[in-house]
Amino acid sequence: MIAGMWIRSTMTYRTSFLLTAFGNLAATAFDFVTVLLMFSHVDALGGYSLGEIALLYGASGTAFGIADLVMGSMDRLGRRVRDGTLDVLLVRPAPVLAQVAADRFALRRLGRITQGLLVLGYGVLTVDVDWTPLRILMVPMMLLSGAAIFSSVFVAGGAFQFWAQDASEVQNSFTYGGNTLLQYPPTLFAKDLVRGVTFVVPLAFVNWLPALYVLGRPYPLDLPHWLAFLPPVVAAVCCRLAGFAWRVGLRSYRSTGS
């Protein structure tokens, strides 16, 4: 209901909504323009062709866009904790997490999802892959599981703000920063970083591991190939842990004391 209220408010000025959504799409498109500029000088980046990079970029961008649409408002939680306006949400007969997620629901973020889908479509059409039914199913699985993993990071970052109160940039380093990292192949990064986003904050399950299976590429760190089928399991575990962190953080909230 809260999200619907914000959508109705947004659609009252349809031209403004279309312009902001297009602006959001255009702004995120500059990221891929950077990739195109790189490939105007090289034939491969980290051993990957433009189509393969587009597949990684599109899968990560779309998954992150869905999570940003649903949970992107979590980065404003620190402000509510600081000024005590979270108290208003506590007295309403609705889950606080749902209220925070729906607060100022920004439909303009559809522009990021659209841009990610366009790049993903380009990658799917241009990569030299034998598209078996299993490989085809891996693509929507990447998007849905990746969106759940990114959403759990948003929620865990929001839970951290109950104590830090002004830690949105720390959260953004894992959400926006993680999305930028995953847009490029793991061969570009140090092994310690790849280990970190595989075993500590499992962002590699958003697109790297399933996409490398689709592309028939060797896995980083000599990981077994069956890990490509684990993103739904990893997403479920991440959501469970994020939910636990959120409940602990919410129970620790003591308002402003004013």
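Mentor: Let's begin with a definition: helices (H or I, at least four residues) and strands (E, at least two) are DSSP runs, numbered from the N terminus. This is a predicted model, where local features need pLDDT of at least 70, side-chain atom pairs count only at pLDDT 80 or more, and totals for chains, interfaces and linings use all residues. Residues are numbered from 1 along each chain as its sequence is written, and side-chain values use heavy atoms, leaving out hydrogens and water.

Trainee: Which helix gives the largest share of the lining of the largest cavity?

Mentor: Here is the general idea. Rolling a probe the size of a water molecule over the atoms shows where empty space is left. On a 1 Å grid over the protein atoms alone, a cavity is a set of points where a 1.4 Å probe fits but cannot get out, and lining residues have an atom within 4 Å of a point. In this structure, α7 supplies the largest share, three residues. Helices α2 (14-39), α3 (50-71) and α7 (110-126) each give at least two. Among the lining residues are Thr-28, Tyr-57 and Arg-112.

Trainee: Is Val-214 buried or exposed?

Mentor: Buried means under 20% relative accessible area, exposed over 50%, partly exposed in between (1.4 Å probe, protein chains only). Val-214, in helix α11 (residues 208-215), is buried at 1%.

Trainee: How many disulfides are found in the whole structure?

Mentor: A disulfide is a pair of cysteine sulfur atoms within 2.5 Å. The search finds zero. The sulfur of Cys-238 lies 7.0 Å from its closest cysteine sulfur, in Cys-239, so the two are too far apart for a bond. Cys-238 is buried at 14%, while Cys-239 is partly exposed at 38%.

Notes: 1 Å grid on protein atoms, 1.4 Å probe; cavity = no way out; pocket = protein on both sides within 12 Å on 5 of 7 lines; lining within 4 Å.
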